[in-house]
Amino acid sequence: MLVAVVSDDGSWHGSGRWQDVRPDGTPAGAPVRVADLPAAIAAREAAEHPRWLWAATTEGYPTLLRAGVRVRRCHDVELTEALLLGHAGRWGEPRALAAARARLTGAPVPADPPPRLPQPPGFAQGALFEAMSGPPAAAGSGVLEALAQVYADQHARIGATGQPGRFALLVAAESAGALVGAEMGHAGLPWRADIHDQLLRELLGAPQPVGPPRRLAELTAEINEAFGVRGLHPDSPAEVLRAFSRAGIEVPNTRAWVLRQVEHPAVKPLLEYKELYRIWTAHGWAWRDAWISEGRFRPEYVPGGVVSGRWATRGGGALQVPKVVRRAVVADPGWRFVVADAGQLEPRVLAAVSGDSRLARAGAAGDLYAALATDSFGGDRAKAKIALLGAMYGQTGGAAIPALAVLRQSYPTAFEYVEAAARTGEAGGLVRSWLGRTCPPASTAWRDAGLEPPEEGGSAEPQGGAPGRARGRFTRNFVIQATAAEWALVLLATLRTALEGLRAELVLFVHDEVGVHCPAEEAEAVAEAVRVSAGRAGELLFGDTAVRFPLDVSIVECYADAK
DNA sequence: TCTGGCGGCGCC
DNA sequence: AAAGGGCGCCGCCAGA
């Protein structure tokens, strides 16, 4: 059963209405008013586990979670609309429920509300902020009708895609991902502020009332001494470039890998400075004070926030936590982390989607690169790896050239799969993931490249030169990265279901890695659930394929000890 | 003084 | 080992 649901005032903790809807989107009963939305949803969820049809998971689900209410399934109209618009080559059009309905009725299409700003928990979330942002778009009368009407239309549009079964799976996974994202934000990642402080002091020295901590100040002095100057700021690329120039060394920029090739006494302290400076500014004491509360790091996840379908976060940098800082991620007493990451996910995805049976046979092995090396690269694993990475990312030079030639020769089907995606992109066309997520049109890429977008109707014009090649690399990678993201999303959704009935909670999801926080006695069961879910994800996406998707699973007390 | 673009680096 | 694809975040820097 599908149940359209809306909050009367958008708060999701007062009254609301719902209405049963048939799978084709036609109403299956009259609207029903409920006085206490969280309580009513909880009761109905317990009774029958309906699929909840709502405008956007981000609108109400966090509030429901705070009220202790979880749901098993939903259909997120906004995320689905974004997928369908993209599939139709209409990337970037407004995706909110109100916009989707306006397109159906011929009314003027309202723009989406601007995305919220990054906001650490507890900051300005009171009445003032809510008053400033106004009532949510999905409140008020007519919303139930809009939900049913737009759902029916989306149902029909999914059916009209080239691969309706796959696209339906994508829509279901995207909605499930939205639930997981909210639940992970609610649960938070266990984070020991005291250990964080201790490791910052070990790395950086004591924090100072004003200015950088002791170790950074020392390194600044060392760098100045090495250059024979005073007052140089190591964090100013322009000043560092000038200092090297005065020393007779011309470098194109001050990136770490460039400096590593330079012989000069300033290089060593500069490299150490960069590393520590990054930790201080991005994950130092200020970050900890803003983002850690009650022993938890609660970033705001944005499922589908990246064009490839990967998640993004709003504030907090949860997907870029430096490895050294992960020592602060410690399970509660008596609890463990089960951390699992997919090994060699992207080449396995290429093997599966391309239908290259020879590559798929290699993908059946635990080490795909090694199997590939034995098969065609004379046992040279490094060369096999370079070949695959080069093919997926569009590398054109260096050591990749001979490796790519071997790949083209021995695995022509897989090679052609990514080549075709690159050609399509360079010609201004669109490519799709396995389940049907579609890349943005070329005009977007051109804007990103600082060029004028093409004239109306000219989006299929080929674009030569560097921008065209850049778009070719983008579409080449998109078909792989977006499909890998789908595999991970399906794994996540499957795992979420498998964890029902346990105390275990999903607390971590980083592209191809998941983390579950659970009582120690549940750890083995959780580890097994993750492995089973990975297998299921492969089957759901690719059906009968020789390719396997093995996981590295660790049971640890500290995240830094995973793998 | 404020702001957008960019350099640089963290993660996958 | 590097470069190639995707991001977010920070501070610098030049221009309004």
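1. For the class counts used here, Ala, Val, Leu, Ile, Met, Phe, Trp, Tyr, Cys and Pro are nonpolar, Asp, Glu, Lys and Arg are charged, and the others, Gly among them, are polar. The model is predicted. By these classes the surface near DNA strand C has 10 polar, 9 nonpolar and 5 charged residues.

2. There are 24 residues around DNA strand C, and Ser236, Trp257, Gly315, Tyr393 and Arg473 come nearest. Of the atoms of DNA strand C that come within 4 Å of the protein, 74% belong to sugar and phosphate.

3. Serine 236 has a polar side-chain atom 2.3 Å from a phosphate oxygen of DNA strand C. For tyrosine 277, a side-chain N or O atom is 3.4 Å from a sugar or linking oxygen of DNA strand C. In arginine 310, a side-chain N or O atom is 3.3 Å from a base nitrogen of DNA strand C.

4. Helix H12 (267-283), strand S10 (312-314), helix H17 (381-393) and helix H21 (465-498) each give two or more residues to the surface near DNA strand C. H21 supplies the largest share, 4 residues.

5. H12 also packs against helix H8 (residues 193-204): their axes come within 10 Å and cross at roughly 150°. Angles over 145 degrees count as roughly antiparallel, so H8 and H12 are roughly antiparallel to each other. The crossing is left-handed.

6. On H8 the contact is made by His196, Leu200, Leu203 and Leu204, and on H12 by Leu276, Ile279, Trp280 and His283. By class, this contact has 6 nonpolar, 2 polar and no charged residues.

Notes. Residues numbered from 1 in each chain as written. Chains lettered and ligands numbered in written order. Predicted model: local features only at pLDDT ≥ 70, side-chain atom pairs only at ≥ 80, totals over all residues. Heavy atoms only, no water. Near = heavy atom within 4 Å. Polar contact = N/O pair within 3.5 Å; in protein donor to acceptor, adjacent residues only side chain to side chain. Axes fitted to C-alpha atoms, helices over the stretch in contact; angles between N-to-C directions. Parallel < 35°, antiparallel > 145°, perpendicular 65-115°, else oblique. Left-handed = near helix turned anticlockwise from the far one by under 90°. Contact = heavy atoms within 4.5 Å.
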